[in-house]
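I opened my notebook on a structure that is new to me. Here is what I looked up, entry by entry.

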Amino acid sequence: MKMNNRLKIGIVILTIMVLGSFLLPLFHDADPTKQGTFPKNLPPSLAHVLGTNSLGQDLFWWLVYAVRNSLILGVSVSIFTTLIAGTVGLTAGYIGGGSDRVIMTLTDVIIAIPVFPILIVLATLVRGQTSFLIVSVILIFFGWAWGARRVRSMALSLREREFINVAKFSGSTTLKIVFREVFPYVFAFMVVDFINAILWVINTEAALAVIGLSNVEIPTLGSIVFWALNYNALFIGQYMWIVAPVVATVVLFLGLFLTSTGYNQMYATRRGHS
Amino acid sequence: MALFQYIVGRFVSYFVVLFIGLTITFFLPRLMPSDPIEQYIFELQSQAGQTMSPDEMANLRETLSQIYGLDGSLVSQYLGYLERVILHFDFGPSFASFPAPVIGFIVRALPWTLGLLVTTTLIAWTIGNLIGLRAGYHHNSRAATVMEVVGVALYPIPYYIVALVLIMVFGYLLSIFPLTTTIRPGPLTFAKMRVILYNSVLPALSIIVVGLGWNILSMKALSFAHKEEGYVTFARLKGTPSRTIMNSYVGRNSLLPQITGLTLSLGAIFSGALLIEILFSYPGMGLLMRTAASSGDYNMLYGTILVTIFAVATATLVLDLIYPVFDPRIRYR
């Protein structure tokens with residue numbers, strides 16, 4: 001199995017982001033959200049790599065914690081959505097019949113409902129105390145449908161293949177066939193969907209935070225932008241406050257996207273040759 | 001007969017989506033621990049700076065639960081809600097600007113959102129497909145590689161990031177376009193249309209830029225795959241001009257999954273447009289939702305969300321109904 005360039009670049013970016021955001025906080029135990037820790041509006045220097053903002057917080061450390069928290073949220077929600085997508089998709093696609101029709105209608109409905117407005121309502125209802133738990137539950141509820149669709153169509157095409165028939169005639173149970181024969185094929189798709197789900201989760205939480213409807217006290221890639229907009233960072237010439245999270249978000253998302261498409265490509269070529 | 005079955009199927013799923021949307025917006029607030037009426041009374045009291053007598057309080061609570069449709073059993077509330085919303089498009093009065101009905105605000109905001117959304121989606125879809133088709137068909141050329149890099153760089157970038165960058169560059173650094181939308185009410189004259197256009201450039205550009213990435217990448221992959229098919233090789237050996245092969249053979253066939261893709265991503269595009277509206281203070285549904293959220297105007301909030309779900313479902317239905325025009329396999333099965 002040869003890695004392509006996309007996958008290589010993607011993995012390098014992700015490794016740097018993950019190691020950086022998880023290891024660096026070990027050397028810095030101060031709370032980055034504490035206001036007035038440092039003088040306000042300092043330009044970038046050796047002591048403050050990205051400078052400080054109008055609240056007297058060090059931007060670099062804010063960003064490090066933001067990337068870490070966004071990643072934690074993204075990965076933990078995506079684990080659930082991917083598991084649900086896999087189970088539901090395999091059930092619908094391989095077992096089929098009535099369960100397939102019901103599940104497909106359900107996924108189509110969930111895909112057709114725009115998530116963002118629903119999140120706005122929820123955030124308003126629990127005003128001021130939007131916890132990550134509530135946001136996560138909603139994201140899980142709406143996040144599995146895309147993956148399930150893809151796994152289902154994959155399982156559907158596998159059902160007709162020769163080796164499945166061989167397994168069936170040699171007396172394997174349905175459960176065994178699904179896990180031993182179908183699952184390995186679907187697995188690569190699920191990895192891709194897992195990474196795409198991380199992207200979607202981080203993005204949706206950030207979008208909610210930017211307009212102040214997530215928990216903006218916790219540093220995430222969205223809440224840092226919320227505070228910058230709230231303090232008119234651009235108007236007072238504090239460009240670093242906006243530019244830094246924008247660059248970090250773009251790099252992280254590119255890393256995730258390159259990894260998912262690169263991995264997909266690698267598996268596509270391998271399947272083609274086997 | 002196949003066509004008939006297809007159309008009936010689409011209508012069924014359309015009504016299922018609407019029904020589930022209605023049900024979610026009914027039960028969601030009722031499952032939440034916070035009580036909007038208590039919250040509203042609390043806010044009134046803190047604004048007025050004085051407390052009410054228990055009698056007045058009970059009166060107020062009763063009136064409010066009538067207006068909110070919160071009196072009676074859960075089942076009768078639900079039926080009443082369905083009847084009001086489906087038959088009369090009645091979402092109740094707005095609380096922030098009592099007693100103006102919510103529907104009036106929505107009717108004024110909806111054209112802005114739809115105008116912005118339809119224009120940008122059409123532009124992004126058309127340009128993205130034209131570029132993607134060329135990049136996939138001439139996949140070895142340098143221009144194709146450049147376009148693919150552009151697609152990869154644009155696709156994963158969230159709406160709010162694009163909006164921030166555009167605001168920063170065109171609003172602050174170059175000062176060409178306005179930071180927020182300011183459109184005075186008045187009759188639609190030629191001058192006003194220019195103001196609208198001028199104010200819509202940045203929000204529109206944000207949505208187009210994000211949409212382009214997906215369309216380029218997906219169209220490129222599709223047309224590259226179709227190019228390797230037997231019927232394309234046959235056409236080439238037959239001496240069909242390369243342009244005709246690209247447009248009528250590869251392009252025509254790659255278009256179908258692109259229409260399906262557009263249909264499926266309408267919900268996501270709509271969500272993005274709402275966010276863009278909030279960031280640019282564009283007077284559409286998104287801004288209405290945001291102001292309703294910050295003023296605790298629940299009727300307005302549920303009204304806007306229902307209409308959003310309704311709009312997305314209807315747009316999906318319309319696209320699904322047009323689909324057989326492009327796909328003869330559904331027409332003549």
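**Entry 1: between the chains.** I began with polar contacts and found three residue pairs between chain B and chain A, both residues at pLDDT 80 or more. A polar contact here is a pair of N or O atoms within 3.5 Å; within protein, one must be able to donate a hydrogen and the other to accept it, and residues adjacent in sequence count only if both atoms are side-chain atoms.

I then asked which helices of chain B supply at least two residues each to the side that touches chain A. They are α1 (2-31), α2 (36-48), α6 (142-154), α7 (159-173), α10 (242-280), α11 (285-295) and α12 (298-326). Helices are DSSP runs of H or I, at least four residues long, numbered from the N terminus. With eight residues, α7(B) gives the most to that side.

**Note on the model.** I kept in mind that this is a predicted model, where local features need pLDDT of at least 70, side-chain atom pairs count only at pLDDT 80 or more, and totals for chains, interfaces and linings use all residues. Residues are numbered from 1 along each chain as its sequence is written, chains are lettered from A in the order in which they are written, and side-chain values use heavy atoms, with hydrogens and water left out.

**Entry 2: how much is covered.** I noted 45 residues of chain B in contact (heavy atoms within 4.5 Å) with 42 residues of chain A. The two chains bury about 4100 Å² between them, 81% of it on carbon and sulfur atoms; buried area is the accessible area (1.4 Å probe) that two parts lose on being put together, summed over both.

**Entry 3: a salt bridge.** I counted one salt bridge between chain B and chain A. R6(A) forms a salt bridge with E148(B), and the closest N and O atoms are 2.4 Å apart. The rule asks for a side-chain nitrogen of Lys or Arg within 4 Å of a carboxyl oxygen of Asp or Glu.

Entry 4: Is N129(B) buried or exposed? N129(B) counts as buried because its relative accessibility is 6%, and buried means under 20% relative accessible area, exposed over 50%, partly exposed in between (1.4 Å probe, protein chains only). I found N129(B) in helix α5 (residues 102-137) of chain B. Its side chain makes a polar contact with the side chain of Q258(B), at 2.7 Å. Leaving out residues up to four places away in sequence, N129(B) touches N215(B), M219(B), L255(B) and Q258(B).
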